[in-house]
Amino acid sequence: MNPTEILARTRAYVQETFLYTRPDFALGDDDRLLQRGVIDSMGVMELLAFLRTEFGVVVADEDITESNLGTLADIARYVMQHQPNGNGNGRGGS
Amino acid sequence: MCGLAGVARREPSGVSIDMLDRMAAAQRHRGPDGSGRYADAQVGLAHVRLSIIDVAGGAQPLGNEDGSVLIVYNGEVYNYLELASELYAAGHRFRTRCDTEVLVHAYEEWGTRMLDRLNGQFAFAIYDRPRRTVFLARDRFGVRPLYYSISNGDLFFASEVKALFASGEVDAALDPVGLDQVFTFWAARPPRTVFQNVRSLEPGAYAIWRNGELHHGRYYSLDYPEAREEHPTDLESLDALLQSSVSLRLRSDVPVGGYLSGGLDSSITCALAARQSPFALRTFSVTFDDPQLDESAFQQLVAGQLQSKHHIQAIGAADVAAVFPDVVRHAETPLVRTAPAPMYLLARLAREHDIKVVLTGEGSDELFLGYDLFKETALRLFCLRQPQSQLRPRLFDRLYPYLDARGRRGDFWRRAFLDAGSPDDPLFSHLPRFLLTSRIKEFYSADMRAAVAGTDALEELRASLPPAFAAWSPLNRAAYLEMITLLSPYLLSSQGDRMSLAHGVEARYPFLDTRVFELAARLPASSKLRGGGLREKAILRRWASTVVPPAVQQRPKQPYRAPDIPAFFSSGAPVPEYVQDLLGEANIARTGLFEPAAVRGLVRRCKSGAASGFRESQALVGILSTELWHRQFISEARLEPSIVEAGGR
């Protein structure tokens, strides 16, 4: 899956899951999800489940950081690096 | 425990007995053992009674020797025997053995200053006929409720709001600012309620109706004169006060039972009660199908040690949904948690076993810093003192151990605490909770947003804080905020008084004895939170080592929770019809408080099993309970059937 597609699917997921109460909310690829009140720590749990089922990416505990998952762009980059058919091996924490 | 109601007219235009009977009937559940009323041209009083002390005597309204002073009263004054002795020595003579009459004579002797002498949980109205005044008062911590409304120049008052509406002279309408407070603090802040033109008398306050005007006063304010270090006699004082507090709360002419959660606090109150009670103690516990919520192993352990007659109310998700409409009707407010529902069922169980009085452990967490919120405050302060430290924020991973482990570690978890506000903000300790709760407001409709535009629940709270607040330590500020925003208007009301009195059961709170509170308020923070701020209720644990089993004495605090989303949406079970109806687009649009598309999104996620976390569970419960409340009290309100019983004057 290419980066554009990953980004689009992740954006759709975030909007459907965390922003359905705020349809007018403009979320940029580089907006901080935590600081803008989109995802909280419990929301991250849901996001991890999504990354596993949608892209086959299992995020290791030590990879649950803002640098890896802080923005839509960060997430897409992380998935690209770790998806089973991409550059990574499907498991984070390498 | 009882219910009171009444009216004081501006002019002597008459008070209808039918109206008083309707007001009494609306809160008959509070006092199923009897009722009475009094009316003259200007003032009417009504009362429903739960007989606990002087079962044969004590009917109300009750007067002094010549009937010039009359009282309707809900509650208990535990030091009434001591007060009666003092009043007897001053020349007063008694016709009954009940605490109600002591209050009448106390008023004659000391006037409004009588309040300083009362140790108890109470709300009352005293009609002074010669002076033509009505004196309303409420206990220090707000255990017992008292609402009032001024309508067409006349004062209406009652233990429950539904009695005001039953008068037929007070209209029910939503106060959007009150609702906005529920979606900030979990409850409206007294004196505000969720009803327009209905006020709650504040804890520790009184009011006097004179010449058609209500004059307000305060006789008690919370204070935290914290000592620098623990005094050698503090442990001994705690022992004496807890023993005394429980002993006073066992004063009753009917058997007293105990709620037993399996935690430290209720284990203490049950253990002390078992030692002192002349009756075999009956204990009552809630158990949950969900093992994450269940504490039955600890309950069994304590009940076994006390050899109490133990009764269990098992709670499955469907049980919560089945009683939730009744819970909201009794609570008279929207809720953001379902936790009152099991308490409603537990009170019913106690009543089925002929128990009308129970001791509970409520109040201890506020006095001895039991909640994780206090640890969180201490840790946030600790981390902000060295913002560059990479190690300190790791301590946050040890908070809230009952939540899913993967969600409570790492950057996102820690940043949520570190970014949650400045220590300079008076609300520092509570901002994470207040801001999380406020996320329900994302569901507001445009009309609801417009209705609360220009109001700010947090700013109003900041502006209302007492002058002494700034001088208190951060942890005592947190304790104070917890007392006024959660304990009184939610835990003691929606989850306390309303749920137990729905079944005619009176709850008594040994930790909320004024003397126990004042001792706790004097203790240094180090006597409460130890272990770098991670070990709660330290002095209480030390004291309890000989009172409760070691496993209970040492166990960390587990918050009491109930199923939220699974109560209404669980796989394989049909969604209850009333939930489908109330959350349906037609109803949401008709009520107009929430955005139908947003609610549709929430319902979709609940149905699919995807909804999770506090954000969505509180939204579901908040929206559903608001719609229930609106239907019950506003859009389809009806008066309770009237009753007419003898016993009035």
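Begin with chain B as a whole, shown as a C-alpha trace: this is a predicted model, and for 649 residues a compact globule would have a radius of gyration near 26 Å, with which the 24 Å of chain B agrees. Turned onto its principal axes, the C-alpha trace of chain B spans about 75 × 65 × 50 Å. Switching to a cartoon brings up 25 helices and 17 strands in chain B.

**The five-stranded sheet**

Next, select strands E13 to E17 of chain B, which form an open sheet in the order E15-E14-E13-E16-E17 with parallel pairing. Its edges are strand E15 (309-315) and strand E17 (506-508) of chain B, each of which pairs on one side only, and the twist from one strand to the next averages 30°. For a detail of the pairing, zoom in on strand E16 (residues 357-359) of chain B, which is joined to E17(B) in the parallel sense by three bridges; here B:Val358 stands opposite B:Ala507 in E17(B).

**Helix H10**

Move on to helix H10 (residues 340-352) of chain B, whose 13 residues should span 18 Å at 1.5 Å a residue, in agreement with the 19 Å between its end C-alpha atoms. Which residues of H10(B) are buried? Among them are B:Pro340, B:Pro342, B:Met343, B:Tyr344, B:Leu345, B:Leu346 and B:Ala350. To see what surrounds the buried residues of H10(B), display E13, E14, E15, helix H9 (317-331), E16 and helix H17 (474-501) of chain B, against which they pack. Following H10(B), select B:Asp354, where phi is positive, near 60°.

**The side facing chain A**

Finally, bring chain A into view, where 15 residues are in contact with 19 residues of chain B. On the chain B side, helix H13 (410-418), helix H24 (596-608) and helix H25 (613-635) each supply at least two of the residues that touch chain A, and the largest share, six residues, comes from H13(B). Colouring this side of chain B by residue class gives six nonpolar, five polar and eight charged residues.

Technical notes. Residues numbered from 1 in each chain as written. Chains lettered and ligands numbered in written order. Predicted model: local features only at pLDDT ≥ 70, side-chain atom pairs only at ≥ 80, totals over all residues. Pairing = 2+ DSSP bridges. Helix = DSSP H or I, 4+ residues; strand = E, 2+ residues; numbered from the N terminus. Axes fitted to C-alpha atoms, helices over the stretch in contact; angles between N-to-C directions. Rg over C-alpha atoms; globule rule 2.2 N^0.38 Å. Expected span 1.5 Å × (residues − 1). Buried ≥ 20, exposed ≤ 12 C-beta atoms within 10 Å, placed from the backbone. Contact = placed C-beta atoms within 7 Å. Nonpolar A, V, L, I, M, F, W, Y, C, P; charged D, E, K, R; others polar.
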